[in-house]
Structure formats: C-alpha cells, structure tokens
Amino acid sequence: MYTLARLCPEEDILLELSVCNRAQLFEQVALHLQQRYGLAAEPIARLLAEREVLGSTALGHGVALPHARVPGLSTPLAVLVRPSQPIEFAAPDGRPVSEAIVLLVPQHANAAHLQLLAEAAQRFCSRPFRQALRRAQAPAAVRRLLLEPLALAA
C-alpha cells in the first residue's frame with residue numbers, strides 16, 4: 001500500500017521554494033524530479049499544467065493537491081512543497097496556496113491514485129495537521145507529521 005509518508009522522503013520536501021505562480025511551481029518540482037529520479041522535466045510540468053486546466057487542484061485553506069498520471073512511471077511519487085510566498089491557485093475559497101503536495105502516479109494506477117488523493121485530502125483538510133505543517137521549519141519535521149497515523153492527523 002502506498003502512503004504519502006512512504007512516497008515523500010525528506011529529500012522530496014521542498015520548503016521555501018522560490019516560485020511566483022503555479023507554472024513555476026510545476027517547473028521547479030519537475031526539475032527536482034529530473035535531478036533526483038532522472039525523469040524528463042518538461043513532460044511532468046506539462047502534465048501537471050494540463051490537469052490544472054480541467055479545474056484547480058486547490059482544496060482551500062491554503063493547500064493544493066496537484067496531480068498527474070505519467071506514462072512510463074513505474075511507481076507513484078510525491079513532493080511536498082511550501083512556496084516562499086503563497087501563490088494564486090484558483091482555490092474555491094479564494095485563498096492563495098502556502099502548501100502543496102504534488103502527486104505523480106503511473107498511467108494506469110487508478111487505485112493508487114485515488115488512495116493517495118484521499119489520504120492527502122484527509123490530512124490537508126485537518127486544521128490541526130495544517131497548523132502543525134505550517135509550524136514545521138525543516139523537512140525532517142514535515143516528514144514526522146506525514147508519518148503520524150491518519151487518525152491522529154484528523
């Protein structure tokens with residue numbers, strides 16, 4: 001079973017990322033994945049942007065769950081991002097996004113995709129989790145939050 005904690009090691013937690021908008025966020029995450037996993041950056045940034053055209057992946061409360069199905073990807077990947085300044089994301093509540101978890105899943109991994117989206121939504125919809133996440137100043141602290149059981153994150 002895939003979990004955010006399993007898919008998002010400290011090296012994939014990017015805090016204070018200098019980006020001004022969604023496109024830059026997608027580009028920087030894609031470059032990170034290229035450097036870390038050897039994935040081609042351009043298709044990943046494009047797939048994330050294309051998914052966003054279908055509707056904003058922002059949940060509200062300053063969080064977003066950008067995600068994409070990636071042909072040729074063998075296992076899901078997750079990158080947690082905190083922009084240095086909140087960015088506009090067309091959120092339903094109009095608030096800019098201050099935390100995002102970018103999920104990439106293999107093209108045909110329907111169950112894994114839905115499971116990861118559900119876990120991310122459950123965690124990020126929890127006010128105590130969001131508050132603890134915003135207080136976390138280092139990737140190790142963020143990772144510890146992701147390792148907490150969902151029942152405790154609620």
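**Exercise 1.** In β6, which residue is the bridge partner of A68?

*Solution.* First, some ground rules: this is a predicted model, where local features need pLDDT of at least 70, side-chain atom pairs count only at pLDDT 80 or more, and totals for chains, interfaces and linings use all residues. Residues are numbered from 1 along each chain as its sequence is written, and side-chain values use heavy atoms, with hydrogens and water left out.

Strands here are DSSP runs of E with at least two residues, numbered from the N terminus. Two of them pair if DSSP finds at least two bridges between them. Strand β4 (residues 67-70) runs parallel to β6, with 4 bridges. Look along β6 for the partner of A68 and you land on L104.

**Exercise 2.** Work out what else β6 pairs with.

*Solution.* Start with strand β3 (residues 63-64), joined to β6 in parallel by 2 bridges; there, A64 sits opposite A100. Next comes β5, antiparallel to strand β6 (residues 99-106) over 5 bridges.

**Exercise 3.** Is strand β5 buried or exposed?

*Solution.* Buried means under 20% relative accessible area, exposed over 50%, and partly exposed in between (1.4 Å probe, protein chains only). In β5 (residues 77-83), 7 of the 7 residues are buried, so the strand is largely enclosed by the rest of the structure.

Now check the faces. In a regular strand, side chains alternate between the two faces of the sheet. On one side of β5, L77, V79, V81 and P83 are buried, and on the other A78, L80 and R82 are too.

Finally, β5 also runs parallel to strand β1 (residues 13-17), with 4 bridges, and R82 partners L15.
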